[in-house]
Amino acid sequence: MKVRDWVKNLVTYEAGKPIAHAAGEIGMTADEIVKLASNENSLGSSPLAVAALKENINTFYRYPDGSNYDLIGKLSDKYSVLPEQIAVGDGSDEIINLIYSAFCQKNDEAIMAFPSFAEYLLIGAVHRVNVLRVPLKEFKTDLDAVKNAINENTKVIFLNSPNNPTGTIIKHDELMEFMKNVPENILVVMDEAYYEYATGKPDFPETIDFIHSFDNFLILRTFSKAYGLAGLRIGYAIGDKEIIDAINHVRQPFNVNKAAQIAAFAALDDTEFLSKVRSMIESGMTYLKSEFKNMGIEYTESYANFLLINLKTDAENISDKLLKKGVIVRSMSGYGLKEFIRVTVGNETENKRFIASLKSVLNEE
Ligand SMILES: *Cc1c(COP(=O)(O)O)cnc(C)c1O
């Protein structure tokens, strides 16, 4: 048996330890751990989704609907697009993989901003696609530099707004200017995993309009973040029929499980939950920013549910010490930002625990 050499060399996504395990190692219980490392939702899952799951608990012996008929119908009403313009995936991670399958082959190139979502890079490597990383400029996606990086091998460009891990956005006019200059044969993917946090805020564009103007523009959204369904794995893409058709050609027939379909369908109606989530993030953000100001810690203006902060010291060391106090955050050293951490905005108790622990760790330095 021989594993292909390039497969052995692939970098795998570094998943955090299960909370109970991490807790055990520091002599705590899982309830005592504050996990602010993966931009999950501290309010839990949409209650309408949970109720729908309970109601359907005895239906899981059936295969899911491989066409995602109901969910796609509801999304198409919500965004006033045709059902043929929507594809659903096992999380947006799967859709990123499907995009590579459908649009790229070995030695093709993709472009992403850096730092941005690591999956564009890791999944690209599986497809043996060369992913160019264009550095952010003042923590924002540098669209001029992205445009200049385009060459004859470029097949896909991954944009992310709000950008993980900075929380910064791409504005309407910048995006319009960019799209007018990108050759039509290159697919531009706009990953809006944090859309529900950013929509309605000043300068955040409603990019649905772009799919009507550009056949090479695809939006990705997910139920993992604001709807609190990360563990069920479900996300979707909106774009031109031809792109959606290509994605459907390369996916497995039952790529989205039945529980995820049921939960997502119900969650879309849960406006009450979404507004609670948004107000928790807004007040948590205000609290954290004022604490950071008092502590002299710089942060980027974030449109999402996390903040990138500059500790001006070895961030890996600080995050290890926070972990020993039961607070898990994401050190950005793997992204080349050695002095930065990304912290998810949690609920009031979690945010206070994080600030108190950070203060005590920094004082010990
Ligand atoms: C969290 C996140 C996703 C979510 O992916 P799922 O597979 O839907 O959970 C996608 N893109 C970015 C930038 C993210 O931060």
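Trainee: Which residue in E13 is the bridge partner of Ile 309?

Mentor: That's Ile 341. Keep in mind as we go that this is a predicted model.

Trainee: What makes E10 and E13 a strand pair?

Mentor: Two strands count as paired if at least two bridges are found between them. E10 and E13 are joined by five bridges, so they pass that cut-off. They run antiparallel.

Trainee: What is the order of the strands in the open sheet that has four of them?

Mentor: The order is E9-E10-E13-E12, with antiparallel pairing.

Trainee: Why are E9 and E12 called edge strands?

Mentor: Each of them pairs on one side only. Strand E9 covers 298–299 and strand E12 covers 330–331. As for what holds such strands together, strands of a sheet pair through backbone hydrogen bonds.

Trainee: Now the overall layout. How is the chain divided into domains?

Mentor: Domain 1 takes 5–44 + 271–364, and domain 2 takes 47–267. Their C-alpha centres lie 24 Å apart.

Trainee: How do you know that the two domains touch?

Mentor: Contact here means heavy atoms within 4.5 Å. On that rule, 26 residues from domain 1 and 32 residues from domain 2 take part. The area buried between the domains is about 2,600 Å², and carbon and sulfur atoms give 66% of that.

Trainee: Which three residues supply 30% of the area that domain 1 buries against domain 2?

Mentor: Arg 278, Tyr 303 and Tyr 335, and that's more than any other three residues supply.

Trainee: Which elements give two or more residues to that side of domain 1?

Mentor: Helix H13 (271–295), strand E10 (306–310) and strand E13 (340–344). The largest share comes from H13, with five residues. If you sort that side by class, you get 16 nonpolar, seven polar and three charged residues.

Trainee: How many salt bridges are there between the domains?

Mentor: The count between domain 1 and domain 2 is zero. What the interface does have is eight residue pairs in polar contact. Salt bridges do turn up in the structure as a whole, which holds 14.

Trainee: Why is the pair Lys 8 and Asp 5 called a salt bridge?

Mentor: The rule asks for a side-chain nitrogen of Lys or Arg within 4 Å of a carboxyl oxygen of Asp or Glu. For Lys 8 and Asp 5, the closest N and O atoms are 3.7 Å apart, so the pair meets the rule. The two residues are three apart in helix H1 (residues 5–8), so about one helical turn separates them.

Trainee: What makes Ser 80 stand out?

Mentor: Ser 80 has a positive phi of about 50 degrees although it is not a glycine. Most residues other than glycine have a negative phi. You'll find Ser 80 in the loop between helix H4 (69–79) and strand E2 (86–89).

Trainee: And which peptide bond that ends at Pro 115 is cis?

Mentor: The bond from Phe 114 to Pro 115, with omega near -5 degrees. Pro 115 is in the loop between strand E3 (109–114) and helix H6 (119–126). Another cis peptide bond joins Ser 161 and Pro 162, with omega about -10 degrees. Most peptide bonds are trans.

Methods
Residues are numbered from 1 along each chain as its sequence is written. This is a predicted model: local features need pLDDT of at least 70, side-chain atom pairs count only at pLDDT 80 or more; totals for chains, interfaces and linings use all residues. Side-chain values use heavy atoms; hydrogens and water are left out. Domain bounds come from an automatic or database domain assignment. Buried area is the accessible area (1.4 Å probe) that two parts lose on being put together, summed over both. A polar contact is a pair of N or O atoms within 3.5 Å; within protein, one must be able to donate a hydrogen and the other to accept it, and residues adjacent in sequence count only if both atoms are side-chain atoms. Helices (H or I, at least four residues) and strands (E, at least two) are DSSP runs, numbered from the N terminus. Ala, Val, Leu, Ile, Met, Phe, Trp, Tyr, Cys and Pro count as nonpolar, Asp, Glu, Lys and Arg as charged, and the others, Gly among them, as polar.
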